[in-house]
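Good morning, colleagues. Please look at the chain on the screen with me for a few minutes.

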Amino acid sequence: MRSHLIRGLLLLSCIFVLSESRSLNRKDKIYLLKRITEWDNAPEAVKIAKGRVTTKHKAKKYKFVFKTDDGSSCNAVMNVNKNGTGRYSWECDSTHKSDEESDEHYKMRRRHLRGNKKPTELEGSGEF
Ligand SMILES: *[C@@H]1O[C@H](CO)[C@@H](O)[C@H](O)[C@H]1NC(C)=O
């Protein structure tokens, strides 16, 4: 029983040493906003709401929520390997409607913004 406990604690401390997880800081958020612009068909991110980055054997995993200019909230994951390759995926809520949407001026502005943009998807993934 006791050796189980010790083994468990050892395993736990190994995991703790090998992978480090922390909240995103300002620099991470600026970096992610830039990376999202490279994602195929992804909506334009205006803000990173919250997230965490886990580092494991020099590979990084970003798990975060970003906001788009129409008020949607998108869950995203980006894995970056040690050699710089990686993959990303995102999923945006389609049900979210902001109160401002009933406002005529806002609707026109949205239409205008949309007109200048390539079509976006509610979810997707890709590699880099
Ligand atoms: C980069 O690293 C990943 C994971 O370690 C590996 O699957 C991939 O083949 C590597 N790519 C290159 C170009 O070295």
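**Phe-64 and its surroundings**

Let me begin with Phe-64, which, apart from neighbours within four places in sequence, is in contact with Leu-24, Leu-32, Ile-48, Lys-50, Gly-51 and Ala-76; contact here means C-beta atoms, placed from the backbone, within 7 Å. This is a predicted model, in which local features need pLDDT of at least 70, side-chain atom pairs count only at pLDDT 80 or more, and totals for chains, interfaces and linings use all residues. Residues are numbered from 1 along each chain as its sequence is written.

Phe-64 also belongs to the largest nonpolar core, which has 15 residues; Phe-64, Phe-66, Ala-76 and Trp-90 have the most contacts inside it. Such a core is a set of buried Ala, Val, Leu, Ile, Met, Phe, Trp, Tyr and Cys residues joined through C-beta atoms within 7 Å, where buried means 20 or more other C-beta atoms within 10 Å of the residue's own, these atoms being placed from the backbone. At least two core residues come from each of helix H2 (26-36) and strands E2 (45-56), E3 (59-68), E4 (73-80) and E5 (86-92). Helices (H or I, at least four residues) and strands (E, at least two) are DSSP runs, numbered from the N terminus.

Eight bridges join E3 to E4, and Tyr-62 has Met-78 in E4 as its bridge partner.

Conventions: Buried ≥ 20, exposed ≤ 12 C-beta atoms within 10 Å, placed from the backbone. Contact = placed C-beta atoms within 7 Å. Pairing = 2+ DSSP bridges.
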